[in-house]
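Hello,

Here is the structure we talked about, handed over for you to explore. My notes on what turned up follow below it.

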Amino acid sequence: MLPSIGNEVLKAIVAQFDAAELITQREAVSNRIRSELLKRAQEFNIALEDVSITHMTFGKEFTRAVEDKQIAQQEAERARFIVEKAEQERQASVIRAEGEADSAETISKAVARSGDGLIMIRRIETQKEIAMALAQNPNITYLAGGQGGGAGEGKAGGGASYLLGLRS
């Protein structure tokens, strides 16, 4: 009679938990089984000293289902992370574009108020940077056009300037 009480109580208690809870809340499950078994055994004048769960296994299909669920949860978490990352990148692009628009508007207002002096300064700075880069390159030579009345000059009287790229 005792084995049927054990199976009955065990099935009734275990059915109240899912697989993960059976593993993580093993002590609580064991305590509930112990208290129910003690209660049921007293009905038959049987005194139990101790009840403990020593070994718990699941079927292969169930174990595979739990593993598949964990894999699916990990993939869902990875997808959620990718979506969050894309959203953050989108927000960064929007903020960057707003900043560039504000900068362009500020420059436009400055040009409207002060003329094109700022643009001319930036153009000169850029030309200076290009000239420095070209001057440092040993393979490029600048040939200036002459202002005098030498042969080969154009009809307008101004000579042409050339950049000559020399290759070894």
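Where do Glu43 and Arg40 lie, and how many residues apart are they? Both are in helix H3, three residues apart, which is about one turn of the helix. I come back to this pair further down.

First, some ground rules. This is a predicted model, in which local features need pLDDT of at least 70 and side-chain atom pairs count only at pLDDT 80 or more, while totals for chains, interfaces and linings use all residues. Residues are numbered from 1 along each chain as its sequence is written, and side-chain values use heavy atoms, with hydrogens and water left out.

**Overall picture**

The protein has five helices and two strands (DSSP runs numbered from the N terminus: helices are H or I with at least four residues, strands E with at least two). Along the sequence they come in the pattern α-α-α-α-α-β-β. Of the 168 residues, 8% are buried (buried is under 20% relative accessible area, exposed is over 50%, partly exposed is in between, with a 1.4 Å probe and protein chains only). The accessible surface comes to about 13800 Å², and carbon and sulfur atoms account for 56% of that (Shrake-Rupley method with a 1.4 Å probe; for residues, only the protein chains shown count as cover). If you take the contacts between residues at least 6 apart in sequence, 38% join residues at least 24 apart (a contact means heavy atoms within 4.5 Å).

On confidence, the average pLDDT is 80, and 82% of the residues score at least 70 (pLDDT is the predictor's confidence in each residue, from 0 to 100).

**The core and its surroundings**

Which residues make up the largest nonpolar core? There are nine: Ile5, Val9, Ile13, Phe17, Leu22, Val29, Ile33, Leu37 and Val51 (a nonpolar core is a set of buried Ala, Val, Leu, Ile, Met, Phe, Trp, Tyr and Cys residues joined through side-chain atoms within 4.5 Å). Helix H1 (2–14) and H3 are the elements that give two or more residues to this core. As general background, nonpolar side chains tend to be buried together in soluble globular proteins.

Phe17, one of the core residues, touches Leu22, Gln25, Val29 and Arg32, leaving out residues up to four places away in sequence.

Ser30 sits in helix H3 (residues 26–43). Ser30 is buried, at 7% relative accessible area. Beyond its neighbours within four places in sequence, Ser30 is in contact with Val51, Ser52 and Ile53.

**Salt bridges**

The structure holds eight salt bridges (a side-chain nitrogen of Lys or Arg within 4 Å of a carboxyl oxygen of Asp or Glu). In general, side chains of opposite charge can pair when their charged atoms come close. Three of them are:

- Glu43 with Arg40, where the closest N and O atoms are 3.5 Å apart; Glu43 is exposed at 54% relative accessible area.
- Glu77 with Arg80, at 2.7 Å from N to O; both lie in helix H4, three residues apart, and they are partly exposed, Glu77 at 46% and Arg80 at 43%.
- Arg90 with Glu87, at 2.6 Å from N to O; these two also lie in helix H4, three residues apart, and are partly exposed, Arg90 at 45% and Glu87 at 32%.

Is Asn45 buried or exposed? Asn45 is exposed, with a relative accessible area of 75%, and lies in the loop between H3 and helix H4 (60–114). Its phi is positive, about 55°, although Asn45 is not a glycine. Most residues other than glycine have a negative phi.

Phe62 lies in helix H4 and is partly exposed, at 35% relative accessible area. Phe62 and Ala19 are 43 residues apart along the chain, and their C-alpha atoms are separated by 9.0 Å.
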